[in-house]
Amino acid sequence: MTSLLPRTAIRAAARFTTLCPALSLTKTSIPRQPTANLPLQPTRSFSSTPIVKSSPPAPNYDLTQPPYSPPFNHLFSLQDRVVLITGGARGVGLTQATGLLEAGATVHALDQLSPTPEFLAVQKQFGPDRLSFHQVDVRDQTALGEIVGGIAEKEGKINGLIAAAGIQQETSALEYTKEDADRMLGVNVTGVFMTAQAVAREMIKRKQRGSLVLIGSMSGTVANRGLICPAYNASKAAVLQLARNLAAEWGEHGIRVNSLSPGYIVTAMTAGLFDAFPERRTAWPDANMLKRLSYPEEYRGAAIFLLSDASSFMTGADLRVDGGHCAW
């Protein structure tokens, strides 16, 4: 038996070589098939040699190669990035805009309403060259395209988007009017879609990688107990599905698309709801695992993660930050 093993091995090897003449036992490299010749962000090849300098290597436009990966201390930086945020002139959107500015980004806030005193204070702190305001209705595709195109022309690029514009209405399904439903879905779904479309067009036109963050909600995953808002919840479920589909369509252009789904947030609006429905002051915190509500500042890190190189291989995903509400 021992004398047959070497011969068997030799015959098997010979047969394998005959059937697969293109393969050999020597070290070979498998050529990658480029999907497009796009001048994207500089990239690098994997290597066992330690990186000494933080400056990017010569550009490599093969989309099958990973993007340039900075040192860890720069991994979450948005330095020299241009980011747009809708609904960014007030509330949670303004808090997100402030976080982006602190991370180094140049921010363009788009909002249908005029800037608040809080927005003007942030703009004064960071300077008008770092934080700009553009008034637009996200449902107006033409106006939106002109504004986004003008920003791209001025800055020479657009690196990211947070689509945070949205509205809420608490009405029972039997009492909802067609006009209210159309308005809810128009702002929360169509508006998000048109914003993402306008930004992606500029990225593809300039052959640049980018990251889009669509603000969803945990309400896009579950029905909120004791909160009657069927159209709103449906709109947020649509945003989650929209993010997945846009990620599938635009991934070949180096554009990542993810959704960010917050839980209950303490805002001026929720404070008013607590006055109208005192039972929610305890019921909402009790519904999650941390037994408290969240604050707008607690979502800055998630947004920066999704926009930065720290999430360079993440797309088509929903990042749910809800205190464990949906994990029960």
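**Exercise 1.** Does Asp275 count as buried, partly exposed or exposed, and at what relative accessibility?

*Solution.* The structure is a predicted model.
Step 1. The relative accessibility of Asp275 is 61%.
Step 2. The class "exposed" begins over 50%, so Asp275 counts as exposed.
Step 3. The side chain of Asp275 meets that of Arg281 in a salt bridge, with 3.8 Å from N to O.
Step 4. For Arg281 the relative accessibility is 46%, and this residue counts as partly exposed.

**Exercise 2.** Determine which residues of helix H7 are buried, how they are arranged about the axis, and what they pack against.

*Solution.* 
Step 1. Helix H7 spans residues 268–276, and its residues Thr270, Leu273 and Phe274 are buried.
Step 2. Viewed down the axis of H7, the buried residues fall within an arc of 105 degrees, and therefore they line one face of the helix.
Step 3. The buried residues of H7 pack against helix H8 (280–286).
Step 4. On the face turned away from the buried side, H7 carries the exposed residues Ala268, Asp275 and Ala276.

**Exercise 3.** State which parts of the chain are tied together by the salt bridge between Arg300 and Glu102, and how far apart they are in sequence.

*Solution.* 
Step 1. The closest N and O atoms of Arg300 and Glu102 are 3.4 Å apart, which meets the requirement of lying within 4 Å.
Step 2. Arg300 belongs to helix H9 (residues 300–307) and Glu102 to helix H2 (residues 91–102), so the pair ties together parts that are 198 residues apart in sequence.
Step 3. Arg300 has a relative accessibility of 30% and counts as partly exposed.

**Exercise 4.** How many salt bridges does the count come to?

*Solution.* The count comes to 11 salt bridges.

Technical notes
Residues numbered from 1 in each chain as written. Predicted model: local features only at pLDDT ≥ 70, side-chain atom pairs only at ≥ 80, totals over all residues. Heavy atoms only, no water. Helix = DSSP H or I, 4+ residues; strand = E, 2+ residues; numbered from the N terminus. Buried < 20%, exposed > 50% of the residue type's maximum accessible area, 1.4 Å probe, protein only. Arc of directions from axis to C-beta. Contact = heavy atoms within 4.5 Å.
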